Amino acid sequence: MIKFEDREIEYFLYIIRCALKGEVPNKPEEPIDWERLVSIAKRQEVYSVIAAALPAEYLPAEQAERLNNYEKSELVRLIAMKNELAFLEAELCKSEIPFMLLKGSRIRAFYPKESMRQMSDIDILYNEKGRDSLLKIMKKRGYKLSSWSENSDDFIKAPYYTFEFHRTLFFDDFNFNTDFSFVWENAERDGENEFKYIMSDEDLYIHSVAHMYKHHVLGGFGVRFLTDTYLMVKKCADMDFGYINGRMEEMGLADFESLVRNLSVALIEDGDLSGEQLDFLVTVLSFGLYGDSAKGRLVQYETFKNNNGGSSSMVKYTLLRLFPPKEYMCRTYRVLNKAPVLLPFFYVYRLIVKTAKDGKRAVKEIVEIRQIQKNDKKEK
């Protein structure tokens with residue numbers, strides 16, 4: 001067993017290892033703070049993995065009930081989301097919109113039980129020429145467009161339906177952008193739905209690594225990314241790693257991919273960890289599934305400074321966040337490509353909508369940036 005001074009973390013990793021290998025974990029030999037362990041599992045969004053493997057009799061009644069409730073609610077949500085997905089897939093087919101499932105929607109099939117792979121939403125890549133039709137489908141189905149960006153639209157509907165439709169997989173942000181149009185070339189058509197495509201295992205893996213790297217740069221990621229990586233490597237044993245390595249080299253991610261792949265295998269198969277792997281794992285375990293927003297904010301601020309001649313003006317930073325470049329606005333609000341005269345209107349529209357929906361987040365961002373500036377001054 002990989003040894004940590006932190007007893008709960010050590011046993012937490014042991015349970016995950018047992019769950020993915022279909023084994024029943026031994027009862028801990030020393031006392032465990034079960035409330036803390038369950039909280040770690042929730043923060044890392046792997047409590048369904050823990051609940052599936054850990055015998056309830058090991059836990060105090062309160063924590064056993066808490067885990068059981070988590071697992072049941074996730075199962076109910078999974079069934080509902082799968083039914084909703086089936087309906088939306090049929091609608092996309094009727095509207096002749098090519099699409100393919102992404103990330104957890106595919107990866108969950110590699111877990112011993114699909115319900116073990118938690119998902120906050122379902123991600124779908126589609127041909128952006130069908131966006132107007134997609135908006136009509138989602139509106140008719142009762143969804144609200146909760147947010148949108150240069151490359152995707154997020155739809156929500158009570159009680160917990162969330163779908164993220166991607167027009168492209170990445171856009172130019174924080175010095176990492178790569179063209180993933182090749183996934184369409186390598187995908188195969190689904191036999192039952194001529195407009196549904198199945199992403200190749202290799203491209204699924206490549207996208208997962210790139211997605212992981214993006215979170216790593218913007219704030220970090222949690223242990224679930226490592227379990228995903230391990231299962232893809234093991235369940236898709238015939239993947240063409242010559243092709244994968246070539247793509248990783250093109251993206252500048254070869255070293256990162258090698259690190260997370262080898263760490264993932266060592267973690268689940270209880271192998272020895274190098275000093276670099278151990279340090280990386282400690283970082284992964286130090287926060288939640290999507291890392292630390294403060295780290296991401298630092299990257300965002302440094303990018304702003306580099307793009308603005310080293311300027312650290314809070315006024316300039318705020319204005320840029322409120323009124324992003326015309327290119328960004330045109331990618332986000334496609335109508336501007338045909339009617340650029342509407343740009344002032346959409347600046348006002350964006351300001352009103354973002355204030356209403358993300359006002360608290362904006363205040364938090366300002367606080368974090370001010371703290372970064374203070375630290376900058378102290379270092380100088």
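**Salt bridges and a negative patch: a selection tour**

Select Glu 114 and Arg 108: they form a salt bridge (a side-chain nitrogen of Lys or Arg within 4 Å of a carboxyl oxygen of Asp or Glu), with the closest N and O atoms 3.5 Å apart. Glu 114 counts as partly exposed at 29% relative accessibility, while Arg 108 is buried at 5%; buried means under 20% relative accessible area, exposed over 50%, and partly exposed in between (1.4 Å probe, protein chains only). The model is predicted: local features need pLDDT of at least 70, side-chain atom pairs count only at pLDDT 80 or more, and totals for chains, interfaces and linings use all residues. Residues are numbered from 1 along each chain as its sequence is written, and side-chain values use heavy atoms, leaving out hydrogens and water.

Next, select Glu 45 and Arg 224, whose side chains meet in a salt bridge at 3.5 Å, N to O. The pair links distant parts of the chain, 179 residues apart: Glu 45 is in the loop between H2 and helix H3 (47–53), Arg 224 in helix H9 (residues 224–235). Helices are DSSP runs (H or I, at least four residues), numbered from the N terminus. Arg 224 is buried, at 6% relative accessible area.

Move to Glu 30 and Arg 7, a salt bridge with its closest N and O atoms 3.1 Å apart. A search of the whole structure finds 19 salt bridges.

Finally, select Asp 33, Glu 35, Glu 62 and Glu 65, which form a negative surface patch. Patch residues have over 30% relative accessible area and no salt bridge, with like charges joined within 9 Å. Glu 62 lies in helix H4 (residues 61–94) and is exposed at 63% relative accessibility.

Definitions and conventions
Patch = residues over 30% accessible without salt bridge, like charges linked within 9 Å, V, L, I, M, F, W, Y side chains within 5 Å. Areas by Shrake-Rupley, 256 points an atom, 1.4 Å probe, with all protein chains shown as cover. Lys, Arg positive; Asp, Glu negative; His and termini not counted. Charge placed at Lys NZ, Arg CZ, Asp CG, Glu CD. Helix = DSSP H or I, 4+ residues; strand = E, 2+ residues; numbered from the N terminus.
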